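Work through the exercises below with the structure open beside you. Try each task before reading its solution.

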Amino acid sequence: MKKFKLKSKYKPAGDQDSAIKSITSGLKKGLNIQTLHGATGTGKTFVMANIIKKIGKPTLVIAHNKTLAAQLAQEFKTFFPENAVHYFVSYYDYYQPEAYVVATDTFIEKDLQINKEIDMLRHASTQSLLTRDDVIIVASVSCIYGLGSPSEYKKVFKMVSKKDIFKRTIFIKELLEIFYERTTADLEPGKFRLIGNVLEIMPVNEESFYYRIETLGRRIIKILIIDATTREILEEIESFFLFPAKHFITSKEGHEKAILEIKKELKKQLSKFKKEDKFLEYQRLERRTNYDLAMIREIGYCSGIENYSRHFSGKKAGEPGDSLLAYFAEGLNGEKRDFLTFVDESHMTIPQIGGMYAADASRKKNLINHGFRLPSAADNRPLRFDEFEEKTNQMICVSATPGKYEKEFSKNTVQQIIRPTGLLDPVVEVRPILENTKQGYKGQVYDFIEESQKTISDGGRVLATTLTKKMAETLSEFLKDKNMKAVYLHSDIVTMERIEIISDFRAGKYDILVGVNLLREGLDMPEVELIGILDADKEGFLRSETALIQTIGRAARNEKGKVILYADKITNSMEKAIGETNRRRKIQKDYNKKHGITPTTIKKNIHDIREEMQSKHEEAVNAMLKVEKKKYDRAPEKFIKEKRGKMEEAVERLDFETAAIIRDEIAFLEKNSKK
């Protein structure tokens, strides 16, 4: 088995080494759930990479969105350049599942747009899992959805060798049976073409090259790997493997059996509708199912075939379908294989995984009850959380702010608090929103201004967070009226412009940065000495324990870091956030004293500001663009036009998060094209 080779110029420092040893020891003891509780800036991804290297098992890393998954995939590729690191997320650019709205008697047809590049990466993921052990897959929660049987997928892969007797007609038929498409135009992943005695095939997981098979009669005389762009011969080979172009694969025997089972279920459900006098539902179900059966007989496939997946897989009613986790568990020789699972930002990812099943079940129930789908469609579903737990075997939750699940079920929680730089968590103070002084009443804004002026006079920078956009705008204008160099960072500003504002802030053009939610920026600004959290006692998402801890962490890059919480009462969230910060600070101070470390503010070159100030969001967007780079290079203007169309579609369906990601991708591309 090929080993994981970790490439890094750094060695574990601070408490990274103890975290690696503790988690590794827990895995060897068979602990099923552990938590890496790591403070901001302590190098949690580096620790994960070291654990993977030591344990040496195939590894699944789950993130709560595509952009974070893309960013992590890039990091792990850097750490493990010689091993197989893949990116597995939903392959839909747009997906509207079929649904029935009872109140308005409206049936919504399934509508989707598949991203071919991501589909290709998904195939690359599953093929690596079925052919090697040194694999890391970074995935979104789409990994818990049905994918088709790995054993069936493996059964129908083809090995093409020069030693084989080549029967052209049979070979083409076999290609069509594993869902390769014939073309006379340019090759794309999952397509083949015939030119005289030459057969050219582009594998479904690749677009940079294709295989060229040259034949003479029933003999293969040459197999070449051809560069898809230059048409140059890259290599002459003796054989190659070809995996199916779709994940839902069934043998001929399985097809026939599935058709019989679908017919049997249809008869039973129609009988039920008849007894209940549901004649409209009867007609709907009969018409749709018979049409799907006809398509399956003719071409082996139909739109929505996943809704019949239980019959094709041979699973029992109620059993979950196979997901990406089944490909991890499927050993190279069919034996059961062990693997690791990391759940990144687990305080967000775990609840997301847990919520998928119920939402899907509710939608399917409506479709089944009103004759749009057979009852077995309910078994085409995401895993329930208990099923996810059972199938992951050993799981490591990773978070700066572990949630309820981690606290309750983790068998080993490892603290990673020490920063390699020696920097401490900031000092935290609580001050009243309205204070009665000898000079009269003084509000939080005036107190904040006084503290800010002291910090600025010493050369430091200041952050201020408010509860609403309006309050942030008002505060920013008020500070300007007081001749303070303030700027408001709001959600309408595109990422590249945000970076310019942050760069100017770090360089000294602005002294105070005001915003509503500065968490999403992934800011790393060592110049920030003071953070003012206004109205800290107003419980809610922006003032929860998690949000407060992460906001406080923004001042942990500076040796003079200080945070003021303006509040008239100490809320439960405040108490916990302050307690956790003070606890960390004491541990960090004791460690520094023991090891003779003097924390000093990180110095970063301002002339490198654009690169240094890339936010997590920006890095992730940039990583996602790499997936589509070749498509962009071929036709930049057309590519950007398509992106604008997708952004507008996202806005129309009120999916503003996706729209924002696409908007920032466009900004990147347009900026780069002008260079």
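Two rings of Phe, Tyr or Trp count as an aromatic pair if their centres lie within 6.5 Å. The model is a predicted one.

**Exercise 1. Aromatic pairs**

Task: State how many aromatic pairs a search of the whole structure finds, then classify Phe209 with Tyr211 and Phe328 with Phe339.

Solution: 
- Step 1. The search of the whole structure gives twelve aromatic pairs.
- Step 2. For Phe209 and Tyr211, the centres are 5.5 Å apart and the planes make an angle of 75 degrees. Planes over 60 degrees apart count as edge-to-face, and this pair is edge-to-face.
- Step 3. For Phe328 and Phe339, the centres are 5.0 Å apart and the angle is 35 degrees, so the pair is tilted.
- Step 4. Check burial. Phe209 and Tyr211 are both buried, and Phe328 and Phe339 are buried too.

**Exercise 2. Charges over rings**

Task: Find which ring lies under Arg193 and which lies under the charged end of Arg384.

Solution: 
- Step 1. Arg193 is over the face of Tyr210, 5.8 Å from the ring centre.
- Step 2. The charged end of Arg384 is over the ring of Tyr357, at 5.9 Å from its centre.

**Exercise 3. Helix H7**

Task: Compare the span of helix H7 with the expected value, and say what covers its buried residues.

Solution: 
- Step 1. H7 runs over residues 252–275, which is 24 residues.
- Step 2. From first C-alpha to last, H7 reaches 35 Å, close to the 34 Å expected at 1.5 Å a residue.
- Step 3. The buried residues of H7 include Ala258, Ile262, Leu266 and Phe273. An α-helix has 3.6 residues a turn, so residues three or four places apart point the same way.
- Step 4. The cover over the buried residues of H7 includes helix H8 (279–299), helix H9 (309–313) and helix H11 (346–369).
- Step 5. Just after H7, Asp277 has a positive phi of about 60 degrees.

**Exercise 4. Ser573**

Task: Is Ser573 buried or exposed, and which residues does Ser573 contact beyond its neighbours within four places in sequence?

Solution: 
- Step 1. Ser573 is part of helix H18 (residues 572–595).
- Step 2. Its relative accessibility is 10%, so Ser573 counts as buried; the cut-off is under 20%.
- Step 3. Leaving aside neighbours within four places in sequence, Ser573 contacts Glu539, Arg543, Ser544, Glu545 and Leu548.
- Step 4. A polar atom of the Ser573 side chain lies 3.4 Å from the backbone nitrogen of Glu545.

Methods. Residues are numbered from 1 along each chain as its sequence is written. This is a predicted model: local features need pLDDT of at least 70, side-chain atom pairs count only at pLDDT 80 or more; totals for chains, interfaces and linings use all residues. Side-chain values use heavy atoms; hydrogens and water are left out. Helices (H or I, at least four residues) and strands (E, at least two) are DSSP runs, numbered from the N terminus. Buried means under 20% relative accessible area, exposed over 50%, partly exposed in between (1.4 Å probe, protein chains only). A polar contact is a pair of N or O atoms within 3.5 Å; within protein, one must be able to donate a hydrogen and the other to accept it, and residues adjacent in sequence count only if both atoms are side-chain atoms. Contact means heavy atoms within 4.5 Å. The expected span of a helix is 1.5 Å times one less than its number of residues. Rings of Phe, Tyr and Trp (its six-membered ring) pair if their centres lie within 6.5 Å; planes under 30 degrees apart count as stacked, over 60 as edge-to-face and the rest as tilted. A charge sits over a ring if NZ of Lys or CZ of Arg is within 6 Å of the ring centre and within 35 degrees of the ring normal.
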